[in-house]
Amino acid sequence: LFYFDQPHLTMAGRQRALDVAREIVPRVLAEDARGMIVSSAKELATIVPLTSDRQKLLDGLTRLEKDRNQWSPYAALEENRVNDVLEVLDDPMGGVTQALSRARFFQSEESWEMRKAISRLSMVMGALADVDPPKAVFYFADTMRARPGGHYLSLFSDRAQKQETLGRFIEADASGGS
C-alpha cells in the first residue's frame, strides 16, 4: 500500500514522497507481489487498485502528481495560521486571551485533521485484512505530529495559558456556568 496523506504533506514533501514511491515500486513489486496507491485529500481516493503491474503503479503516481484534486493546501497554510495568532497577539485590541483562543482553535483543527487521517488510514488498512501476506504500508506525510497543534500553544508561556484558562473558568462561574 502506497498511502499519501495529502493534508499532512507540504509541497516539497509531496514531491519527495512521489519521487521515493517511484524508486520503491520496482524494488518491492517482485514476482507475484501486488501494490495499490491511495490518496487522502478532500476525499479518500484509490488512484490504482491492487495490481501486480508495476507500470500501472508508476503511471498512477504520475496521474496523482498532476491531479489538483489530490492535493491539500492544509500544510502549506500552516505559516499563515501561526502568523494569524501572532497578529492577534500584537493587536492592541486583541491581546493574549484572544490570541490563545485562536491558537486553541488551530490546535483543535489540527487534532481533528490528524484523527481524520488516522481513521482513513485505518479504514484502508482494514480493507487489506484479507490480502495474503507479506504486507507493507508506505505512509507518506511530513507534518504529522505526536502533539497535533501543540506548536500553536508553544507560542505562549505556561503561565499565560494557565491565567487565560483560569480567567475563562471565573468568567463562566460568574455568568452562572453557561
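This is a predicted model: local features need pLDDT of at least 70, side-chain atom pairs count only at pLDDT 80 or more; totals for chains, interfaces and linings use all residues.
Across the whole structure, a search finds four salt bridges, and the views below visit some of them.

**View 1. Asp19 and Arg22 pair up within helix H1.** Let's start inside a helix. The closest N and O atoms of the Asp19–Arg22 salt bridge are 3.5 Å apart. Both residues belong to helix H1, which covers residues 11-28, and they sit three residues apart, or about one turn of the helix. Asp19 is partly exposed because its relative accessibility is 31%, between the 20% and 50% limits.

**View 2. Arg22 also forms a salt bridge with Glu65.** Here the closest N and O atoms are 2.6 Å apart. This pair links distant parts of the chain: Arg22 is in helix H1, while Glu65 is in helix H2 (residues 54-66), 43 residues apart. Both partners are partly exposed, Arg22 with a relative accessible area of 23% and Glu65 with 28%.

**View 3. Asp19, Arg22 and Glu65 belong to one network.** To finish, step back to the residues of the first views. Salt bridges with shared partners join these three residues: Arg22 pairs with Asp19 and also with Glu65.

Note on methods
Residues are numbered from 1 along each chain as its sequence is written. Side-chain values use heavy atoms; hydrogens and water are left out. A salt bridge is a side-chain nitrogen of Lys or Arg within 4 Å of a carboxyl oxygen of Asp or Glu. Helices (H or I, at least four residues) and strands (E, at least two) are DSSP runs, numbered from the N terminus. Buried means under 20% relative accessible area, exposed over 50%, partly exposed in between (1.4 Å probe, protein chains only).
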